[in-house]
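Open the structure in a viewer that can select by chain and residue number. This tour says what to select at each stop and what is found there.

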Amino acid sequence: MSKGDRTSHAVLAAARDDARFKAVEVRKHGNVTEILWTKSLPADTKTWGDFATECGFAANPDGHDRSHRRHAASVVGLDPTGVAFYRIRTPAVAEEEMAAIVRMQAESLLPLPPEQIEVAWRTSPSTNGDVDITIAAARREYLHKFAGTVRRFRPREILLSCEGMARTWQNLFSDGEQQALLVSIGAENTQVCLVRSGQVTHAAVLGTGVADLGEREPHETQMADLPSEIHNPQWAERFAQDLRAVLTSFGWDESSDWPMLVLSDGGETMERVVQSLNLAGLPAKVSLPSVQSLKVPSGFGTEEIYDYRVPLGLALIGLEQPAGALNLFEGIAADEELQKTASAWRSVLLAGAVAFVALVALILTVYFTDVASAKRWNALVATPEFEAARQHQALLKTVARHRPDMLQLLADISAGENDGIVLDSLHFKKGQTATIAGRAGNMEQMWKYQTGLIDHKNIDNVEITNAARDSKTKKIKFTMVFEYRNFSRKEAAL
Amino acid sequence: MARKLNEREKRMLLFGAASAVLILAFTYGVRWLDHWGKTRKTLTLAKSRLGEIETDEAKRAGLAAIVPVFEVPQPEDKQKFLFRDRLHEQLKKAGIQTEPLQFLATRRTKNVAHKVLKIKCKGKCKFDQLLNFLANLKENPYLVGVEELRIQCDAKEPPEKRKDKPIEIELTVSTFVK
């Protein structure tokens, strides 16, 4: 069937029923509930993982879920074969006390240590101020394993499949009855449930299914393939006996106000089963589904409703999210949450430990590098060749620092604007200002020459100490002093 | 059969172990840190001494341009003659006529490890000869530098005629002695 639009009100439910994995996606628009699509795979050749893939829950190679169904919440049904149901009656007390009573009762009823079992319970009003309590119990290990198996569905809830069946009966099979004893005969087994207001109050599973009617193996048997006649006459007798034993354990009798209804797709097989039960003294009736309250895909009829009664009911529960569901996985989810937290802490501790080890390794690396470098470099520095080279270079630097370039000095004082300037003498002495004496055609030429010297990078503080006009030649005789690089400083003199 | 420790005993044991680790860490850790500190000081010193050797090619070339040759200073008795002879040779090669070279008193100077010996000379030469001499002066392997240079032209001569006229020079150069 084609997949329809998914909205935030859509729920996908999957369960194993009649030796097949079955899934249905249901959407609710106001008061209209619509079945979008259904899928099923044989359970003997496929796994929950394969079915999750078939339903669109893809997984990466690393095993992490990457679901394409971002908007559809999912609900998975747990086969009640591994679940034990008990029904007790206690005085109405506060919820905390009730929990303690339930815990004590469950421990006394169950054959396993309390730490190995998971218990879920709910109350229903009874008479005389007492309350009836329905207890479901299962091995914790079994639940853990199942939760791991269906993890790829990323289920919002894992519910009991019989709860789904009860909800489907209430919504789609019931003719207004509020309570009934439901008999759902599957291929491999038969579920018997006391149902009130769409909730299971007691349940049991018989190991006899319709496959025993004919000669086929259970996994080969589909409801559509069931024989129309009961070939095995002993089957009806044994089935009635088993059913009567279960009903006795439920405290049910013919006079009770729980009508016995056998869920049917309208086929003849269930009619004959009911007839055989009636002959055995059990007042059973057939209960047929109706699709009138549902919007269904074309070709979807009572047979399909019957086939998908379990996932359909689970989807309806998922849509309504009623209070008081028998949730055996509450503790399992808490355990997984604790494990996740512990895992997160372990990751933090591991990261911290790795960081600490890396820090220690870094410190040790730096330390040993320092030690090795110090050893090597000290050995190098201590060699006579190094010391000689160092001293020689230090000497060269000292000499270079005290060696003025006289050619450069002569070039510097001759450079620049010197038109009309004739130099007569130069006196350079380390630790003193240098002196030049000369003649200029006029004052402007002298000043221009001075400016040229001032602009020179090697010459500083140029001053004219003497300037006078020669009466004979009419030229300006001048004397200038200046500092040449750092050689004019006192400390430069040797 | 060994008894299992209770929580209190486990805490005590953990505390004891942690204390022991802390004591050991403090005792040996401080020593280790001291040793590391000394190692780093030694390393810094070695790095500093290694840094005294100039490895930059451009700087080495610059240094070689200023001081192309230099001999390690000898004792004064030896160095003074080596320096004087080489200086005289350079003056002679440049064609500079000088008065006898005159040693000045050896003196010690701040910031220099060696004593300084100076030679003073006076002479006359053409300006070209002086330039030639100054250009080749740094080839003297004993020379430290020119301490004083006085150049005096004949002021009466016009500039265009000075080229062929001698100028008076007074030069003081220095060397290091051990």
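Start with chain A and select the six strands of an open sheet, which follow the order S10-S6-S1-S2-S3-S16 with mixed pairing. Two strands count as paired if DSSP finds at least two bridges between them. Strands (E, at least two residues) and helices (H or I, at least four) are DSSP runs, numbered from the N terminus. The model is predicted: local features need pLDDT of at least 70 and side-chain atom pairs count only at pLDDT 80 or more, while totals for chains, interfaces and linings use all residues. Residues are numbered from 1 along each chain as its sequence is written, chains are lettered from A and ligands numbered from 1 in the order in which they are written.

Look next at the edges of this sheet, strand S10 (157-160) and strand S16 (294-295) of chain A, each of which pairs on one side only.

Two packed helices are described by the angle between their axes and the distance between the axes. Helix H4 (residues 161-173) of chain A packs against H8(A) at about 85°, and the axes are 7 Å apart. That angle makes the two helices, H4(A) and H8(A), roughly perpendicular (angles of 65 to 115 degrees count as roughly perpendicular, under 35 as roughly parallel, over 145 as roughly antiparallel and the rest as oblique). Which residues of H4(A) meet H8(A)? Among them are Met165(A), Ala166(A) and Thr168(A), and the residues they face in H8(A) include Leu312(A), Leu314(A) and Ile317(A). Residues are in contact if their C-beta atoms, placed from the backbone, lie within 7 Å. By class, this contact of H4(A) with H8(A) has eight nonpolar, five polar and three charged residues. Here Ala, Val, Leu, Ile, Met, Phe, Trp, Tyr, Cys and Pro count as nonpolar, Asp, Glu, Lys and Arg as charged, and the others, Gly among them, as polar.

Move to strand S14 (residues 260-263) of chain A. Are its side-facing residues buried or exposed? Met260(A) and Val262(A) on one side, and Leu261(A) and Leu263(A) on the other, are all buried. A residue is buried if 20 or more other C-beta atoms, placed from the backbone, lie within 10 Å of its own, exposed if 12 or fewer, and partly exposed in between. Strand S11 (residues 179-185) of chain A runs parallel to S14(A), with three bridges joining them, and Leu181(A) has Met260(A) as its bridge partner. S14(A) is also joined by four bridges to strand S15 (residues 284-287) of chain A, again in parallel; there, Leu263(A) is partnered with Ser287(A). Follow the chain from S14(A) through helix H6 (residues 268-279) of chain A to S15(A): this β-α-β crossover is right-handed (with the strands pointing away from the viewer, the path from the first strand over the helix to the second runs clockwise).

Now show both chains. Chain A puts 32 residues into the contact and chain B 35. On the chain A side, H10(A) gives the most, with ten residues. Strand S17 (421-429) of chain A also supplies at least two residues. Five bridges join S17(A) to strand S5 (residues 145-152) of chain B, and the two run antiparallel. Select Leu426(A), whose bridge partner is Ile151(B), and Ser425(A), which stands opposite Gln152(B).

S17(A) also pairs antiparallel with strand S18 (residues 434-440) of chain A, over six bridges. In their hairpin, which has four residues between the strands, Gly431(A) has a positive phi near 85°.

Finish at Asn461(A), a residue other than glycine with a positive phi near 50°. Asn461(A) is in strand S19 (residues 459-469) of chain A and counts as exposed, with 11 C-beta neighbours inside 10 Å.

Notes: Contact = placed C-beta atoms within 7 Å. Axes fitted to C-alpha atoms, helices over the stretch in contact; angles between N-to-C directions.
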